[in-house]
Amino acid sequence: MTTLKDTQIKGNKAETNPFLQAMAGEKTKQTPVWLMRQAGRYMKVYRDLKEKWGFLELCHNPELAATVTTDAAKALKVDAAIIFADILLILEALDLGLHFEAGEGPVIEKPIKSAEDVIALPDIDAGQKLSYVGQSIKNTIHNLGPSIPVIGFAGAPFTVASYAIEGGGSRNFEKAKSFMYHQSDAWHNLMDKLVVHTASYLNMQVASGASVVQLFDSWVGALSPADFKEFALPHLKKLIASISKDAYIVYFGTQTNGLLNQFRELDAHTIGVDWRIDLDTAWNIIGHNKGIQGNLDPVTLFADKETIKKRAIEILDKAEGRPGHIFNLGHGILPQTPVDNVKYLVEVVQSYKNK
Ligand code: 1CP
């Protein structure tokens, strides 16, 4: 198993940036902070761009995508910038058809229904087909300079497969899980293909300059521990093993309390957790040879400043200044979140003195 310190990241700027230092398991003067969905609808710059451009048009345009990432990172003064893209772009690259309906979220136009549909998936070079995301990364690095690391990302296989089979978002994942149970060979075949394409996509992002990649497994908490072990874990391990050693890896999911003990087996540097568990409890289960990212409830950002500060400091205290804590929310910023409160949260975290 890779420990935090074994990994030599090419071109790493760990000496100067607390986010990379924490990824390397090194002590930091200040706990690093960035926020999932930090570039999005709660920001005026983004809403203004959305008057003229569709969401996918923004993702496809490396100039504009880099602007969205850069503006958000500068406005919030966070310690890392996440590239503007989406976990579903890979399904578009696989010709399943993707569009976003106002207020309805994503729609996969040709969802996977059968073993034949999995076999018929095109044999793409995902890194090449999604190279516009690499260009967005390069442009972002150019805009931000070397002091702010850029995070690349992709969806983890279970979460991406669930969209591909459900045809969009889902509450109970009946279609995806039925597919998993009734057509388990086809399920594993689909996961194998997603692993290959996701690795190619992420390695292109690393080659383009991303120093960290995050795997979003947003809906993995829908799985029982037994189903996670059988239908998701082996594929996740394969994916993580295929990712370039030139980047640190964060694995994030929500509602994962019952799965954290299995995350010990993952060779990711850092595990992202949601707010439904105390940070120290989660870290004890995951093991201190990995870092932890989280875990403020995003809805706390709708509270008064005093409450935001109190809850943020409670989380920081639970980390006890142990190396490897990256402050974040437990899930993405919600569209109606007051921007001032987000900036305030970043200030609170950055001015907290680690013991
Ligand atoms: O303006 C709009 O209406 C589009 C809203 C939007 C944005 C800004 C979507 C549609 N995606 C994004 C960008 C995005 N998505 C980023 C980059 C911006 C940033 O984080 O700063 C990232 C990292 C994502 C990742 C993503 N997309 C996830 C994982 C994180 C999470 O929130 O769980 C998921 C599940 C998606 C799918 C998706 N894309 C968009 C929506 C509304 C959704 C969720 C749909 C659902 O709930 O099922």
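User: A pocket is an open set of points on a 1 Å grid over the protein atoms alone, with protein on both sides within 12 Å along at least five of seven lines. How much space lies in the second largest pocket?

Analyst: That pocket holds about 200 Å³, a volume being the space filled by probe spheres set on the points, which are joined across faces, edges and corners. The model is predicted, so local features need pLDDT of at least 70 and side-chain atom pairs 80 or more, whereas totals for chains, interfaces and linings use all residues. Residues are numbered from 1 along each chain, and side-chain values use heavy atoms, without hydrogens and water.

User: Which residues line the second largest pocket?

Analyst: Among them are Trp275, Asp278, Asn295, Arg311, Glu314 and Lys318, a lining residue having an atom within 4 Å of a point. Helix H15 (305–319) gives the largest share, four residues. Strand S8 (291–296) supplies at least two.

User: And what is the volume of the largest pocket?

Analyst: The largest pocket has about 1600 Å³. Of its 46 lining residues, Arg37, Arg41, Asp86, Tyr163 and Trp219 are the closest to its centre. Helix H2 (44–52), strand S2 (98–101) and strand S3 (105–108) each contribute at least two residues to that lining.

User: Changing topic: how many residues of strand S4 are buried?

Analyst: Six of the six residues in S4 (150–155) are buried, that is, under 20% relative accessible area (1.4 Å probe, protein chains only).

User: Which residues lie on each side of S4?

Analyst: Val150, Gly152 and Ala154 lie on one side, and Ile151, Phe153 and Gly155 on the other. In a regular strand, side chains alternate between the two faces of the sheet.

Definitions and conventions. On a 1 Å grid over the protein atoms alone, a cavity is a set of points where a 1.4 Å probe fits but cannot get out, and a pocket is an open set with protein on both sides within 12 Å along at least five of seven lines; lining residues have an atom within 4 Å of a point. Buried means under 20% relative accessible area, exposed over 50%, partly exposed in between (1.4 Å probe, protein chains only).
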